[in-house]
Amino acid sequence: MPKPNIVFFMVDQLSAKWLEAAWNGVCPTPNINALKARGTTFTHAITSNPVCCPTRATLATGLTTRGHGLLENGYFLDPELPTFMCSLQQNGWRTGALGKIHFHPHFAGLYPDYKPYGFDITHITEDARGGEWLDWVEQTHPDHYESVLATIWPSKIPAYAAYGPDKRNLRPQMEEIRATFKWATPEFPQNTPGYYTLPFPEEVSQTNWISQHALAFLRESPEDRPLYAHISYVQPHGPFHPPGDYMQEVHIDQIPEPLPAEWVDDPHAPGELKGRTPACQEAWRYARQCYFADIVHLDHQLGRVIDTLQETGRLETTYLIFLSDHGEFLFDHGLRGKEEKHYDACIRVPLIIAGPGLREGATCDHIVQLEDICPTALDMAGLQFPPMPKMGPYLKTPAEDIPTLPGRSLLPLCRGENPTGWREAAYSESYNHISADHPGQWARTIRTKRYRYTFYPDNGDQLFDLQTDPDEQHNLTADPGHQDIRTELRDQLLNLIVMQDDPKTRRNLFALGVH
């Protein structure tokens, strides 16, 4: 049997909740719908650390946050750790990284080298927007260069003060442009720096640039060699900024209203929440319109990828995984962004898997985690990670029997099988928010199909019955009738916290069973 192709189609900060809202009539997603019809849609996929860098490290290595060590944004992923991309590359796959990878902190530089993680070809552009895409805009679309500079919100990244080979200081120019930039237009007067229509043509956008390199990678790969394409977009990560033409695709009257900030009047809400001011609600509908228009734009890119796989004769031999790293509150509960508040819009993500031999048009409600993606990719290729290093006479377990990954392949579920011993609960954790340096914002969550329980160190807890209260509006942590389930979930959570270190991490490991 020939080796299959594997394609990741990854988006950033898309909640399962908002994709489901699109399916319920907010905006058209014909290509995602077509992928659903070809594969299995997972309804309970939970991210184990709802922020970019840690989640992407988990996807690549299959390890928990503590296993790979990227607690939050700001850490580097150790290239010595095995990744499934390296395994594919070493076994004959041509591998490409197209778009956002985020194994390095953005503040560490604008030209990250991701080839050591197992990629033959890389074309990288990330949230910071500097680097290869920005240089391409300056060279090929100089009339739109200043408009692109206006969209670069993290101008404090040190590399912008000494940018590129000639070490130009772009920061003053960027900040001056942003200070006077006219976001509002006659057609879109509600534009702001936080949500706006692109001030340059769609073909100049990061999204289209990523797609162009992805399609080139698919077309240029030899027919007799399997490929792995890691196609990863920055959108719909904020600031939300779709091309204006896609705004009309969103049915404004179908956009759901934000859920109330129930914690404001909850005397038992975690202290970290009570210290907040709910996000301004005035512009929620327009912000959501921009977000959903981004989804339509991304759906169009998925169609281009699928068409190219068909055009190159690869579609029937390709596994295609559609997923996101974490969610976005989008004003639900008076919150924006993601990270340490583990409501549904934050931690439940879309996941669709299609490919040869898998069920078509199926839905799976088993609880899965993003730790399962790495073993799934290895299973698709018929590969395994090397055994853990073992030495000495003390550890009697054969090396090949020592566990290496905490997750399990999802392919049996995609084939309609019912694997024994599947998890009954998901675990999610957060460390500091990007603007904090104390454990008051740390969170540890257990989520079952019925309940979500979150513990905040020294700050309280939350308990929601997702069956009777799917919008998470009634914190039951102090309810006398729910103390037994609170205790049970807290005990289960303690066990999950401890088990985050199993299997043992490979970081700096010489050998097991050695004095």
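The side chains of D127 and K100 meet in a salt bridge, with 2.6 Å from N to O, where a salt bridge is a side-chain nitrogen of Lys or Arg within 4 Å of a carboxyl oxygen of Asp or Glu. This is a predicted model, in which local features need pLDDT of at least 70 and side-chain atom pairs count only at pLDDT 80 or more, while totals for chains, interfaces and linings use all residues. Residues are numbered from 1 along each chain as its sequence is written, and side-chain values use heavy atoms, with hydrogens and water left out.

**Salt bridges**
- D12, R56, K100, D127 and D325 are linked in a network of salt bridges, and a search of the whole structure finds 25 salt bridges.
- Both D127 and K100 are buried, where buried means under 20% relative accessible area, exposed over 50%, and partly exposed in between, computed with a 1.4 Å probe and protein chains only.
- R348 forms a salt bridge with D344, the closest N and O atoms being 2.7 Å apart, and R348 and D344 are both buried.
- The side chains of D461 and R486 meet in a salt bridge at 2.8 Å, N to O.
- D461 is buried, with a relative accessible area of 6%.

**Surface patch**
- M391, F510 and V514 make a nonpolar surface patch of about 310 Å²; patches are made of residues with over 30% relative accessible area and no salt bridge, like charges being joined within 9 Å and nonpolar side chains (Val, Leu, Ile, Met, Phe, Trp, Tyr) within 5 Å, and accessible areas come from the Shrake-Rupley method with a 1.4 Å probe, only the protein chains shown counting as cover for residues.
- M391 counts as partly exposed because its relative accessibility is 42%.
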